[in-house]
Structures are given as C-alpha cells and as structure tokens.
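Please look over the sequence and the coordinates shown below before reading on.

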Amino acid sequence: MSKRKSREAHLAVGDCVAQVQRILRERFCHQRLPDRPVGLESQYKHLLELLRRTAVHGESNSVLIVGPRGAGKTMLLRCALRELLELQEVKQNVLQVHLSGLLQTDDRIALKEITRQLHLENVVGDKVFGSFAENLVFLLEALKRGDKSSSRPVFFILEEFDLFAHHKNQTLLYNLLDVSQSAQAPVAVVGLTCRLDVLELLEKRVKSRFSHRQIHLLSCMSFCQYLDAFRSELALPDDFPDSKFSQEWNLNKSLFKSVQEILQKHFNSCKDFRSLHLLLLLALTRVSVSNPTLRAVDILEASRMSSADSKANILHGLSVLELCLIIAMKHLNDIYEGEPFNFQMVHNEFKKFIQRKSHSIHNFEKPVVIKAFEHLLQLELIRPVDGGVCKVQREYQLMRLMLDHTQVMEALQRYPQCPTDVKQWAISAFG
Amino acid sequence: SPKKRVTVMLNTVHTQCCLSSLLHQPEQYCYPSIFIYGHRATGKSHVILTLLKELELPHAAVSCVECVSAGLLFEQTLLALFGADSAALLPRLPSLSDFVRVYRQVCAQQPAKQTRYIVLERAELLRDMEANLLPGLLRLQELVDDNVAVILLSEIVWDKFRPNTGCFEPLLLHFPDYTKGKILSLDSNPSYTPELYSSYINILLGVFYSVCRDLRELRHLAALNFSKFCEPLEKGEAKEGNTHKLWRNIEPHLKRAMQTVYLREVSSVQWGQQQMDEKEATALRGLSALAHVELPYYSKFLLIAAYLASYNPARTDRRFFVKHHGKMKKTSFLKKHEKTSNHLLGPKPFPLDRLLAIFYSVVDSRVAPTASVFSQISSLVTLQLLTQVGHDDQLDTPKYKCAVSLDFILAISRCVCVCETKYLFLTFGLWLLT
C-alpha cells in the first residue's frame with residue numbers, strides 16, 4: 001500500500017498554541033457570536049418572530065429585552081439579526097438604526113444620529129423643524145419607496161434603554177413608540193436594558209404607547225448545563241488545522257474531572273457567560289509553548305485571581321502606623337457599634353495602645369499621625385460622613401471606616417512582618 | 001529582549017506572566033478593558049508604558065489629571081493614535097458620541113492591524129466627569145467596533161468605581177507593593193560601595209519604614225540626607241565599616257527630618273542649607289510655627305477666651321471666672337465618658353456675649369468695649385482662627401467656634417502672661433478639662 005500523505009496536517013506546537021489563542025481570544029475578548037444562543041431558545045424564537053413580522057409583513061412592533069449584565073441581550077439580538085439578514089428581501093429592504101443610552105445622552109444628539117444612520121443628511125439639509133415629531137415624521141416619509149405605497153421597515157435598537165428614560169420629557173421614546181403604534185411606517189423598536197423596573201421609569205403617555213412586550217433573560221442554568229457550557233466554550237472548532245491537537249484539547253479528561261469544585265464556587269457567585277469568559281481568559285494567558293494544554297492548576301490560579309479581595313491587597317501595602325490607625329478605628333467601631341468617629345478619637349485610642357501595650361511602636365508626633373490618616377483618606381479606606389463639608393476643623397471631621405471586621409483581621413494575617421503587639425491588640429476585645 | 005528588561009522591573013513573576021501574556025500577540029484581540037490598581041510608586045505607569053514602547057504597540061497615554069474636561073481626553077487620544085488631522089475633526093466641546101463617531105470614521109480608513117491601547121492614569125478622576133464617560137470607555141471596543149483596549153490605572157480599588165446600574169466589568173490586575181528587601185536593592189550611589197549605601201538605606205528604613213512605604217518619599221529622603229550620612233567619612237572621622245558611628249551621626253538627623261521635611265514644614269532647600277550651616281542650635285522654623293506670631297495683644301486674649309468658651313461647658317463659667325463663687329455642686333461633668341469629652345468631639349459654638357464676658361475676666365487690665373475689640377474678632381474670623389457658625393444675617397447674636405488647637409493656645413499664653421500665676425491659672429483651667 002502506498003503511503004498516502006496524511007490529510008491531517010500537523011503544525012508545530014508554537015503555531016498550534018498561537019491558533020488556539022487567536023480563536024479563543026476572539027471568543028472571550030471580542031464576544032464573537034455563537035452559532036446558536038445557548039439556553040435561550042424560547043426567547044430567541046420570540047424575538048426572531050417579532051422582527052420577522054416587521055421586516056417581511058410590515059407590522060410595527062415594540063419589545064424590551066430585560067436581563068442582568070452579561071446575560072446575553074446584545075448577543076441574542078445580534079444572532080436574531082444575523083439570521084434575519086440571510087433572507088434576501090430583508091437584507092435589501094430593512095434599515096437599522098443603533099442608538100446607545102451611553103452615547104446619545106440627549107434627544108437632540110439622538111435625532112442627529114438617526115439622521116446620520118439613515119443617510120438622510122443631504123435630504124434634511126438646513127431645514128428647521130418645529131418639533132421633534134415633525135422631524136421624525138419627515139425622516140420616515142423620506143424613506144418611502146418610489147411608488148409611495150409604503151415606507152421601508154426600520155429597526156430602532158436602543159441599548160441602555162433605561163438611560164433614554166432620563167431625557168427631558170422622554171421625547172425620543174414617546175415619538176418612536178408613537179410611530180410604532182400608528183400605522184405610518186413599519187418600525188420595530190427594540191430596547192435592551194438591565195433594569196427590571198424599567199417600566200416604572202416611563203411616563204404614563206409613553207408607557208401606554210408601549211406594547212408591554214418584554215423578553216426576560218433570567219439565567220436559569222443548572223450546574224450541569226454550566227459544566228457543559230464550560231466545555232463548549234473551550235472547545236476548538238472542527239476546522240482547526242491540526243486535528244490531533246484539537247482532539248486532545250477538546251477531550252482533556254483530566255481537566256474536566258478536577259475543576260468541578262472551582263467551577264461550583266464560580267457558579268454559586270455568578271453564573272453568567274461574561275464572568276465565565278473572564279475566568280477562561282485568565283487561564284488561557286498561562287497557555288504557552290512550554291505549557292500547551294490547559295491544566296487544573298491554571299484554572300485554579302485564574303479563579304484565585306478573579307476572586308481576590310482588592311481591599312485586602314491594598315491593606316497589604318500600608319505602613320505599620322497606618323495599620324495601627326485602622327485597628328484603632330476597628331476598635332472604635334466595635335465599642336460604639338459603627339458610629340462615626342473623628343481623628344481625635346482615633347488618635348486617643350492609638351495613644352492608649354502606645355502607652356499601655358506597645359513596645360515596638362514609637363510614639364509618633366501628632367502631625368506625622370495626621371499625615372498617615374490623610375493617606376488612608378486618599379485611598380478611600382475611610383470616608384467623611386457628610387461628603388467633606390469644610391466648616392469643621394479636619395481633626396474633628398466625622399468619618400466612617402469602609403472596611404469591616406473580618407477584612408481587617410484577614411489582612412492582618414497576611415501582613416508581612418506584623419509586630420506581635422499590634423496583632424495582639426487587634427485580637428483583644430476592648431483595647 | 002524587551003520583555004526580559006521589563007521582567008527585571010516587575011517585582012513579582014506572577015504579575016509579569018499575566019501582563020505579558022495579556023499583551024501577548026497584538027494581532028489578536030485583547031480584553032476590552034483592564035483595570036490595574038496598586039499603591040502609588042509601585043510602578044504601574046512605568047511598567048505599562050515601557051512595555052508598550054518597547055514592544056512598539058500603538059498606544060495613547062493620557063493622565064486624567066490633565067483632562068479638566070472630557071474633550072481634552074478625546075483630543076489627546078485621537079492625537080496619539082491617529083495623528084493631528086483626526087483630532088481636528090472633533091467639534092468644539094465634544095461629547096462621547098462625537099468621539100465614537102470620529103473614531104469610527106478615522107479607523108475605517110486605518111483599520112487596526114494591531115491592538116490599540118488607551119492608557120488612562122489617575123483613573124479615579126473619571127468618576128467625577130460625566131456619568132456616561134466611564135461606562136462608555138469600558139465598552140469602547142464594542143462601541144467603535146475596532147481592536148482597541150482601554151487600560152485604567154489607579155490606586156483606588158475597583159469597588160469604588162462601579163456605577164449604580166453596573167457596567168462592563170474590566171479585568172482586574174493588582175500591582176503588589178515593594179517588600180523591604182526589594183527596596184534595599186533598588187538604588188545605589190556611584191561614589192560609594194553598594195554595601196555602604198545599603199546600610200544607609202537600612203538605617204533610613206529603620207526610622208521611616210513603619211511610617212511611610214511610598215517609594216518616592218523614601219527616595220526623596222534618601223537623596224536629601226545622604227550627604228549628611230557621608231560627612232564623617234569625608235571628614236575622616238570614621239571608616240566605611242564603622243556602622244555604629246555612622247548610625248549615631250545620622251539617626252537624630254533623620255528623626256528631625258521626620259518632624260520637618262517629611263511633613264513639608266520646611267522645604268528641601270531649607271533643609272539642605274541647615275545641614276551645611278551645622279548650627280545645631282538654630283531650630284528650623286516650620287510653616288505652622290509662623291502662624292501665631294503677629295497677633296495684636298487683645299486678639300491673643302480673645303483667642304484664649306474663645307478656646308475656653310468652646311471647650312468649657314457654660315455652667316462652669318461661674319466657677320472659673322467669678323471670684324467668691326461659693327461652693328459648686330460636684331456634677332458628673334468631670335466623670336464624663338471618655339468619648340464625649342469635649343476634646344474628642346471638637347469645639348462647641350458660643351454666643352458673642354459669652355465670649356466677651358470671659359474676655360473681660362481673663363484680661364488683666366480694664367478694657368472698654370470699643371469697636372476695635374469687635375473688629376479684632378472679625379479679623380480672627382478672617383484669619384480662620386475662629387469660625388463663624390450660623391447665618392450671616394443673624395446680626396444680634398452671632399455665634400463662633402474656636403478653630404485652633406491647645407498647643408497653639410498654650411504658645412500664645414506664654415507670650416501674653418507676664419504674671420506667672422496667671423499663666424498657671426490658665427493652664428490649670430485648661431488642663432482640668434483635658
């Protein structure tokens with residue numbers, strides 16, 4: 001038998017790793033759309049049907065997609081649009097206007113953006129309109145096709161929908177929803193928001209024009225589904241050049257058995273795809289030529305990094321004097337049950353410690369202690385109670401500590417070369 | 001290689017791995033936003049900017065302190081990434097919407113072959129700018145549809161940045177602080193041996209490390225005091241190995257530095273001159289020492305009276321200031337709980353009449369209530385030694401509070417009380433309440 005050249009190409013390890021990084025980074029960092037939205041079938045069907053009715057049958061609609069951050073609202077919408085644009089008639093006819101509450105902070109700016117996205121700047125020219133409604137009607141009229149029978153369907157997509165509700169008089173929302181109710185032109189108004197109470201934000205007249213159709217993306221994934229998602233998010237596609245490498249990567253039995261505990265912890269705190277992608281990205285950064293497969297220790301490190309307490313990290317770098325001030329504040333909080341304190345009280349506690357219990361801390365002068373206190377203020381570990389009104393001398397300004405008891409104690413455990421008398425003072429009950 | 005050079009700078013292997021692999025292959029996508037936090041002077045800006053320069057990645061470095069308005073931020077970013085022509089496309093007073101529009105326009109002509117980085121230093125100031133700026137920048141990659149990553153550097157933790165309704169969570173990276181051992185190995189001085197210099201730094205850290213860990217401050221102090229440290233060596237009084245003598249020479253000097261230069265009471269120039277003068281007797285006049293020198297005679301008494309009015313409860317006035325007051329019932333005010341002691345809570349407001357009553361009993365000579373006395377009270381308010389409490393339109397009973405500390409008052413008392421017993425009376429009266 002003549003040895004045919006194997007159809008499976010084999011790349012060098014370095015190239016394989018580079019390809020893996022490229023594919024997975026596009027998935028995690030750039031939020032590349034999956035082929036089908038996972039776990040959201042009914043919502044997807046509902047949205048697709050709605051948009052199709054507007055695009056193909058000329059029906060006007062409005063809908064709100066509501067879900068917490070990272071649930072997949074934009075992803076769902078883009079998948080639906082992608083599928084819809086495969087139809088030729090939709091692709092030729094439908095216009096899309098994408099607005100964002102973060103960018104268009106004003107109705108005037110929003111109107112300019114709509115004009116721009118509909119490519120009607122020349123048509124509008126220098127016309128002055130009496131009201132927002134006139135302007136919008138003019139724009140939609142201009143979209144009518146040659147035979148003046150009907151206007152082209154327009155999709156208005158409003159990201160961060162709740163921010164539009166904060167505009168003056170909610171003019172944009174009122175007019176868009178008004179158009180969607182009246183039979184002027186086939187428009188679909190799709191709003192995406194993370195607020196469950198978005199309808200409370202709408203004025204009565206706006207709310208009445210809204211169709212009250214909401215698509216909720218509340219994640220109801222079980223842990224098994226989460227594990228499947230973990231596996232599929234890491235999976236390399238079938239067309240990967242080196243199939244042996246991709247098979248090994250996809251199977252990776254040892255990894256999937258040993259990371260269940262770590263994933264359980266993540267699942268319990270946050271089960272959306274965005275945080276999963278972040279975890280996988282951190283693990284991916286440890287994959288290199290010398291370490292071409294993903295191991296359990298990589299996931300463990302990534303998990304540790306993503307769940308680290310930032311404030312504890314900051315406490316680690318404080319000087320001993322600053323740490324003593326924090327312990328003094330903790331004692332004041334314990335004794336007086338969280339009432340605000342001022343610098344004089346903290347200094348008093350600190351002086352008691354110096355005089356009675358300490359042998360390693362020098363009795364620093366008051367200005368030096370004030371400087372350390374102000375450093376803590378700059379780091380926002382303590383905060384003035386009334387926002388820093390300057391009528392009071394700075395030593396008497398009331399403050400609160402922004403750390404709690406357990407954070408301080410844990411930070412003390414990790415503090416490098418902590419003097420023992422300081423530790424004892426922290427642990428003792430009534431300083 | 002440039003990456004190796006950066007490795008040397010970074011003080012843990014862990015951060016280095018994460019950082020260099022995040023910036024690993026610039027043609028690939030980077031996470032849309034990265035938040036790097038750590039204490040000041042841990043090398044955040046230095047490492048990031050050096051890494052980007054060495055790897056020759058297109059980037060824009062903007063310090064938010066310089067950006068009084070968002071428009072300056074947008075202008076500097078466009079200037080650094082695309083050149084002056086693109087920055088000119090921005091309208092006057094640009095909003096985030098204009099920035100995104102211009103960016104999309106320009107990047108359509110120059111699509112990204114490599115990730116573009118926008119590095120924002122002192123990012124905590126972004127919270128005080130327009131509310132949509134921070135969430136918008138975190139999502140910039142999505143909004144402009146380009147391979148761009150925003151890196152935020154700050155010393156404040158991410159929890160304080162998060163907007164109310166949430167935002168796109170960036171990747172958090174911590175830059176750890178330098179350990180003591182690391183600080184010892186960082187610098188050296190060319191004219192002396194590294195062992196001598198590191199023994200000097202050891203002594204310096206012995207005095208300052210428990211107070212301050214900021215590398216910049218420590219470096220500044222090290223630079224200021226090194227010549228004094230080397231004085232015995234220059235004069236030939238001691239050899240390099242004689243660390244005990246060198247320590248005895250420098251240690252009181254460093255302790256004085258903590259009270260003056262460290263607190264910025266004197267400038268570095270003054271400190272340097274004082275070292276050269278070598279007169280131990282001339283005490284350095286710090287900034288706060290200059291505050292109470294030139295007050296008029298009655299103003300000093302007014303200030304003492306104000307302090308007594310602020311910190312004594314009104315019912316004790318009779319006891320202190322009236323002769324033949326008779327017995328006073330022992331109230332519980334002396335046994336007050338420590339926390340509510342007036343010296344912990346701060347000064348209390350008092351009406352003008354009370355101030356004048358105490359003033360007349362404290363001043364040793366007879367004083368007529370002329371307008372000059374009242375105008376001195378107003379001057380004290382302007383000097384912020386007294387603060388006026390309440391509305392300006394309350395003409396008949398204005399209320400005041402004393403805004404100076406006990407040390408200040410004692411220093412003034414020393415000036416005005418010629419009679420020793422009067423001074424003792426005053427200090428006794430004040431001491432009773434501390």
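## The annotated lid segment of chain B

Over residues 197-264 of chain B, the chain is 74% helix and 0% strand, where helices (H or I, at least four residues) and strands (E, at least two) are DSSP runs numbered from the N terminus. An unreviewed UniProt entry places the feature "domain: ORC5 lid" at residues 197-264 of chain B; UniProt positions are given in the numbering used here, feature names are shortened, and annotations may be inferred rather than shown by experiment.

## Basis of the model

This is a predicted model, in which local features need pLDDT of at least 70 and side-chain atom pairs count only at pLDDT 80 or more, while totals for chains, interfaces and linings use all residues. Residues are numbered from 1 along each chain as its sequence is written, chains are lettered from A and ligands numbered from 1 in the order in which they are written, and side-chain values use heavy atoms, with hydrogens and water left out.

The predictor assigns the complex an ipTM of 0.91 and a pTM of 0.89. For chain B, the average pLDDT (the predictor's confidence in each residue, from 0 to 100) is 81, and 80% of the residues score at least 70. Among the elements of chain B, the mean pLDDT is lowest in helix α1 (residues 2-9), at 53, and highest in helix α7 (residues 133-138), at 96.

## Chain B as a whole

Chain B contains 20 helices and 8 strands. Of its 434 residues, 50% are buried, buried meaning under 20% relative accessible area, exposed over 50% and partly exposed in between (1.4 Å probe, protein chains only).

## Two helices of chain A

In chain A, helix α1 (residues 13-28) packs against helix α12 (residues 223-234) at an angle of about 130°, with their axes 10 Å apart. A:Leu24, A:Arg27 and A:Phe28 in α1(A) meet A:Ser232, A:Glu233 and A:Leu234 in α12(A), a contact being heavy atoms within 4.5 Å.

## Two glutamines with positive phi

A:Gln170 has a phi near 50°, a positive value in a residue other than glycine. A:Gln170 lies in the loop between α8 (161-164) and α9 (171-181) of chain A, and counts as buried at 4% relative accessibility.

A:Gln417 has a phi near 55°, also positive in a residue other than glycine. This residue sits in the loop between α22 (405-414) and α23 (420-427) of chain A. A:Gln417 is exposed, with a relative accessible area of 68%.

How values were computed
Axes fitted to C-alpha atoms, helices over the stretch in contact; angles between N-to-C directions.
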